[in-house]
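Please keep the sequence and the structure in view while you go through the points below.

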Amino acid sequence: MLCEICGKEVPFTNVVKVEGATLKLCPECTRFGEPVGGTGGNSHGPSTPEERTAAVANLPQRHRRMEERDVFNELPPLELDPDWHKKIRASREARGLTLEAFGNLLSEKSSVVHKLESGEIVPPDALVRKIERVLKIRLRAPPGAS
Ligand SMILES: [Zn+2]
């Protein structure tokens with residue numbers, strides 16, 4: 001067989017792609033191009049879709065984990081009296097406590113207390129219990145009121 005580049009007579013030729021053309025070349029000339037078929041030309045390619053599949057497979061898991069956390073956050077909070085923030089303010093003033101003094105008792109900033117009393121922020125359950133303890137009032141709606 002003849003090499004299509006150097007024209008040398010060789011026992012066998014390799015099918016090689018050289019600049020878009022498929023040529024039959026001797027072993028020496030094979031290095032000028034990319035071997036076509038049979039010689040392990042598909043070293044990279046199929047791995048990419050696999051990686052993409054793995055990446056997609058991870059998505060639902062992450063999503064599920066977020067849903068679990070949402071469910072946890074949706075645990076029913078303490079049901080507060082509709083006038084809870086008015087009760088806080090009235091009770092604090094009845095005790096002659098300033099915002100700062102009341103805040104100190106709760107380990108909260110006076111600005112937080114102010115927002116609580118205006119109903120701007122709803123206290124987390126732990127803070128509700130703390131306020132109830134400090135002011136000796138009840139902020140929670142009576143059971144069965146809803
Ligand atoms: Zn050759």
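With which residue does Arg92 form a salt bridge, and how far apart are the closest N and O atoms? The partner is Glu117, and the closest N and O atoms lie 2.4 Å apart, where a salt bridge is defined as a side-chain nitrogen of Lys or Arg within 4 Å of a carboxyl oxygen of Asp or Glu. This is a predicted model, in which local features need pLDDT of at least 70 and side-chain atom pairs count only at pLDDT 80 or more, while totals for chains, interfaces and linings use all residues. Residues are numbered from 1 along each chain as its sequence is written, and side-chain values use heavy atoms, with hydrogens and water left out.

**Salt bridges**

- Side chains of opposite charge can pair when their charged atoms come close.
- By the rule given above, the structure has seven salt bridges.
- Arg140 pairs with Glu132, their closest N and O atoms being 2.4 Å apart; Arg140 is partly exposed at 22%, whereas Glu132 is buried at 9%.
- Through shared partners, salt bridges join Arg89, Arg92, Glu93 and Glu117 into one network.
- Asp83 and Lys86 also form a salt bridge, at 3.5 Å from N to O, with Asp83 partly exposed at 34% and Lys86 exposed at 51%.

**Helix packing**

- Helix α4 (residues 99-106) packs against helix α6 (residues 125-135) at an angle of about 115°, with the axes 10 Å apart; the axes are lines fitted to C-alpha atoms over the stretch in contact, and angles run from 0 to 180 degrees between N-to-C directions.
- Phe102, Leu105 and Leu106 of α4 meet Leu127, Lys130, Ile131, Val134 and Leu135 of α6, contact meaning heavy atoms within 4.5 Å.

**Cysteines**

- The structure holds zero disulfides, a disulfide being a pair of cysteine sulfur atoms within 2.5 Å.
- Cys3 is buried at 4% relative accessibility, and Cys26 is buried at 1%.

Terms used: Buried means under 20% relative accessible area, exposed over 50%, partly exposed in between (1.4 Å probe, protein chains only). Helices (H or I, at least four residues) and strands (E, at least two) are DSSP runs, numbered from the N terminus.
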